[in-house]
Amino acid sequence: MKIALIGYGKMGHMIEQVALARGHEIVCKIDADNQQDFDSEAFAKANVAIEFTNPTAAYDNYLKAFSHNVKVVSGSTGWLKDHKADVEALTKDGKHTLFWASNFSVGVAIFAAVNRYLAKIMNQFPQYDVTMEETHHVHKLDAPSGTAITLAEDIIGNLDRKTEWVKGFQHHADGSEEGSNAVAPEELPIASIRRDEVAGIHSVIYDSEADRITITHDAHSREGFALGAVLAAEYTQNHTGLLTTGDLFKF
């Protein structure tokens with residue numbers, strides 16, 4: 001498979017390593033300083049472009065790739081609020097193809113399935129309140145993480161007593177703190193911690209007067225995310241429309 005990389009930072013470099021190890025070819029690498037290469041012959045040859053850039057650039061990157069009929073795999077989250085309907089229209093009936101996920105880790109996909117199942121069980125036990133915590137490296141700009149938001153929305157979809165997620169306690173990269181997990185009963189607080197070079201830790205905590213149940217996913221490195229992105233690209237090569245990890249992982 002011929003792959004183009006949109007965004008060539010730490011994640012882009014790791015995706016390149018994984019893709020090459022799996023026998024794929026990197027035909028184009030686009031970063032902030034060579035945006036003109038979207039219109040290159042090399043980019044147009046790609047079967048799939050894997051996009052990991054900043055949240056504000058993602059939607060425009062999709063449009064540039066689609067203009068050359070290149071399918072896109074993306075882990076960017078910032079476009080959802082303003083462009084969700086636009087992307088759904090662009091990918092309707094397979095006109096263009098976007099595989100999007102807030103997290104490509106195989107382990108996180110399994111964790112998300114466990115999270116949904118646990119929320120269904122806990123819907124029967126109102127004595128347990130639920131909170132969430134996510135911890136990432138100090139370079140991460142968004143909070144809560146896209147993965148945390150996806151996990152929270154899955155909880156809300158299966159737990160009748162929660163209607164929305166809100167920002168909880170925040171520990172910023174500069175050491176400053178704000179916010180609280182003391183929220184309204186119908187709200188699900190997400191605490192966000194920024195420290196060191198943590199690849200990503202997500203925890204869901206159900207607490208009662210009697211006991212506490214916690215499930216956690218702790219990423220050791222970015223390698224799991226890179227592998228998942230390449231697996232998504234392999235799947236996307238032969239599928240069309242708006243795709244998600246639910247299409248790739250059948251559990």
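Reader: In what order do the 6 strands of the open sheet run?

Author: This is a predicted model, where local features need pLDDT of at least 70, side-chain atom pairs count only at pLDDT 80 or more, and totals for chains, interfaces and linings use all residues. Residues are numbered from 1 along each chain as its sequence is written, and side-chain values use heavy atoms, with hydrogens and water left out. Strands here are DSSP runs (E, at least two residues; helices are H or I, at least four), numbered from the N terminus, and two of them pair if DSSP finds at least two bridges between them. The pairing is parallel, and the order is S2-S1-S3-S4-S5-S12.

Reader: Which strands sit at the edges?

Author: An edge strand pairs on one side only. That picks out strand S2 (25-30) and strand S12 (242-243).

Reader: Which residue in S5 is the bridge partner of Ser-74?

Author: Strand S4 (residues 71-74) pairs with strand S5 (residues 98-100) in the parallel sense, over 3 bridges. For Ser-74, the partner in S5 is Trp-100.

Reader: How much area do domain 1 and domain 2 bury between them?

Author: An automatic or database assignment sets the bounds: domain 1 is 2-104 + 223-248 and domain 2 is 106-220. Buried area is the accessible area (1.4 Å probe) that two parts lose on being put together, summed over both. Carbon and sulfur atoms carry 57% of it, and the total is about 650 Å².

Reader: And in domain 1, which residues lose the most area to domain 2?

Author: Three residues together make up 54% of what that side buries. They're Ser-102, Asn-103 and Phe-225.
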